[in-house]
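Have a look at the screen, and I'll walk you through a few spots.

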Amino acid sequence: MNTKLHSLLDFKKEILILSIILGSVISTYSQTISIKGNEFYVDSKRIWLNGVNTPWNVWNDFGGKFDYNWWNNHFQILKNNGINCSRIWFSCDGNGAVKTDSKGVTGMSETFFKDCDSLFAIAKRTGIYIDATMMSFDHCKSPNVAFQNWRNIITDKKASLTYINNYLVPFVNRYKENPYLFAIDLCNEPEWISEDAKDGKLPVKSLQQFFGLCAAAVHSNSIIPVTIGSACIKWNSDNQGYAGNYWKDAALEAASGDPKAYLDFYCIHYYGWIHKYFKSPFEMSPAEYGINDKPVIIEESPGKDSGLKEIPMTLVQAFESAFLKGYQGNMPWTSNGVDENGDITTVGVATLAFKNNHPELVYPPVAPTALNSCPKSCSGESFWNVVQSRRSVRKFKPDSIPEKDIRKILDAARMAPTSGNQQPWKFLVIRDRNKINQMKEACIGQALGYYNEQNEQKETKEEFTNRVKKVFEDYCSAPVYIIVLTDNNSMYPDYNHWDGPLAAGYLMLAARALGYGTVFITDAISDKITKEVFKIPDTYTRVCITPLGIPYEWPKTPPKKELEEFIINEKF
Ligand SMILES: Cc1cc2nc3c(=O)[nH]c(=O)nc-3n(C[C@H](O)[C@H](O)[C@H](O)COP(=O)(O)O)c2cc1C
């Protein structure tokens with residue numbers, strides 16, 4: 001095969017790959033909430049959940065009567081009231097989108113995910129986090145039509161797995177990359193299922209097994225924090241006189257047998273009836289309740305002043321007190337007046353006051369950096385995350401790269417192994433936009449020359465020209481290019497072809513660890529062009545050229561062969 005044809009075919013192949021990849025990319029993210037100690041953070045900035053419950057607009061909205069305009073409008077109202085998080089019930093009683101029979105969950109209604117897609121798009125656009133409540137004690141309540149199916153799902157492990165595999169995990173996987181999916185709240189007030197005859201009076205152990213399995217499944221599939229909306233501190237505290245902390249790590253792990261069965265933070269609910277037994281979280285800190293091993297949110301509480309009469313405190317004071325006592329958020333019931341507890345006219349006064357008093361805690365000023373542009377699943381710098389999530393990136397944001405990051409990346413590259421430790425490399429770093437544009441024009445010119453050589457000219461010349469221009473606009477959109485070279489006069493030049501790509505591999509992983517994208521480019525930007533534009537002496541051989549920049553979007557992982565296909569144990 002002649003070299004030119006080789007280039008052309010590779011070029012065509014890469015365009016194909018590019019178009020496939022660009023067709024299936026997911027968006028980039030910058031606002032993922034993570035947990036450090038007992039607090040929540042966005043990037044390195046603390047965030048406090050100035051929240052609210054918007055549990056439903058109409059009962060079982062999703063996959064039922066989802067009203068896009070209502071939710072869209074309501075999220076804007078939340079935003080206008082300084083609210084940064086809303087708790088939403090994705091299945092209110094199991095009579096909507098989640099289909100069941102006596103063996104468990106059989107599937108989802110066709111429109112469920114479509115409706116959820118709309119909601120998550122609204123959340124992302126308005127910048128409001130979603131605390132996603134997946135089910136409620138209501139599911140098990142008699143005479144709910146499917147109550148027995150739901151009780152089976154909790155008590156029978158086989159049925160539990162159908163819930164996990166057909167509903168919970170698909171939901172998690174679909175939205176885990178959206179930074180505005182703040183948390184999975186496994187269940188609203190599950191304790192009623194063991195307390196109340198109408199809800200089944202199921203054994204606490206069954207609840208712990210079921211929610212333990214659910215928590216483990218979420219942890220196995222994502223880094224989304226998991227919680228449970230506990231009806232009352234009575235069931236969430238080991239203090240004397242309380243029923244015990246049903247949801248502590250040891251209890252969930254023991255019941256489910258899975259070490260990934262734990263909550264990432266606690267959610268407690270408070271209403272006036274609780275006061276005479278256990279006081280309120282507006283007076284008692286997480287440490288006083290003995291639940292300061294994780295962050296704690298007051299996930300439900302009265303949404304108007306008169307609901308707080310036992311304390312007594314106004315809602316404005318309650319928010320401030322929750323903050324000072326060490327809770328990581330307060331989410332009154334509700335923003336939309338689903339009952340007599342309150343609505344945005346009563347809650348909004350308090351959320352706005354809190355936002356005005358603590359603007360940076362409610363909307364942390366997070367600058368766009370390379371690392372916080374990474375998808376949620378691969379944010380973080382752990383070695384395994386970096387290896388799993390490095391991708392070939394072919395379109396970049398124009399943001400410049402701090403020199404210290406460039407140096408750090410090259411410093412990693414020089415640590416690669418080499419034959420006889422010869423270290424035969426040079427890293428040519430290009431930041432000059434004029435030179436990069438010159439390279440781009442040369443690439444476009446070269447590619448256009450291949451038009452006549454195409455056997456099947458399915459495109460007109462104009463279409464081909466536009467496509468080529470677009471491809472190279474993207475390839476050349478990074479602020480920095482690094483050309484990895486080996487010195488032909490090195491100590492062991494015959495080994496350069498092994499040493500060179502190793503440095504490039506290290507470089508690409510190091511870039512990924514800092515949140516930057518790269519791509520090992522060979523033919524798409526030809527050796528000849530880089531040699532000419534950057535005047536590279538003939539005594540050097542190019543290993544590759546890679547752009548370095550913040551990805552415009554992080555591509556999805558292309559198909560990778562199974563590990564087993566690579567392993568030969570002992571002999572062929
Ligand atoms: C030796 C080699 C040559 C490559 N040449 C090009 C190229 O010329 N243009 C390009 O866009 N990608 C090029 N790539 C990147 C691959 O297309 C990419 O690694 C592959 O599709 C797998 O995607 P991933 O890196 O995201 O896992 C090259 C990769 C290697 C290792």
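This is a predicted model: local features need pLDDT of at least 70, side-chain atom pairs count only at pLDDT 80 or more; totals for chains, interfaces and linings use all residues.

Let's start with strand β4, residues 49-53, which runs parallel to β5 and is joined to it by three bridges. A quick word on terms: helices (H or I, at least four residues) and strands (E, at least two) are DSSP runs, numbered from the N terminus. Two strands count as paired if DSSP finds at least two bridges between them. Residues are numbered from 1 along each chain as its sequence is written.

Back to the pairing: V52 stands opposite S86 in β5. On to β8, residues 129-133: five bridges join β5 to β8, and these two run parallel. There, I88 stands opposite A132.

So is β5 buried or exposed? Five of the five residues of β5 (85-89) are buried, so the strand is largely enclosed by the rest of the structure. By buried I mean 20 or more other C-beta atoms within 10 Å of the residue's own; exposed is 12 or fewer, partly exposed is in between, and C-beta atoms are placed from the backbone. Both faces are covered, with C85, R87 and W89 on one side and S86 and I88 on the other.

Four bridges join β1 to β2, with S34 partnered by Y41. The hairpin of β1 and β2 has two residues between the strands, and G37 takes a positive phi near 60°. β2 (39-42) and β3 pair over three bridges: Y41 has R46 as its bridge partner, and V42 stands opposite K45. Their hairpin also has two residues between the strands, and D43 in the turn has a positive phi of about 55°.

In a regular strand, side chains alternate between the two faces of the sheet.

Next, a helix. Which residues of α12 (315-325) are buried? They are L315, A318, F319 and A322. Seen down the axis, they fall within an arc of 100°, so they line one face of α12; that arc is taken from the directions from the helix axis to the C-beta atoms. Their cover includes β12 (296-300), β13 (329-330) and α13 (344-357), where contact means C-beta atoms, placed from the backbone, within 7 Å. Just after α12, G326 takes a positive phi of about 105°.

Last stop, the ligand. 12 residues surround the ligand, and the closest are R391, S392, F520, T522 and A524. A residue counts as near if its C-beta atom, placed from the backbone, lies within 6 Å.

Thanks, and over to you!

Conventions. Two residues are in contact if their C-beta atoms, placed from the backbone, lie within 7 Å.
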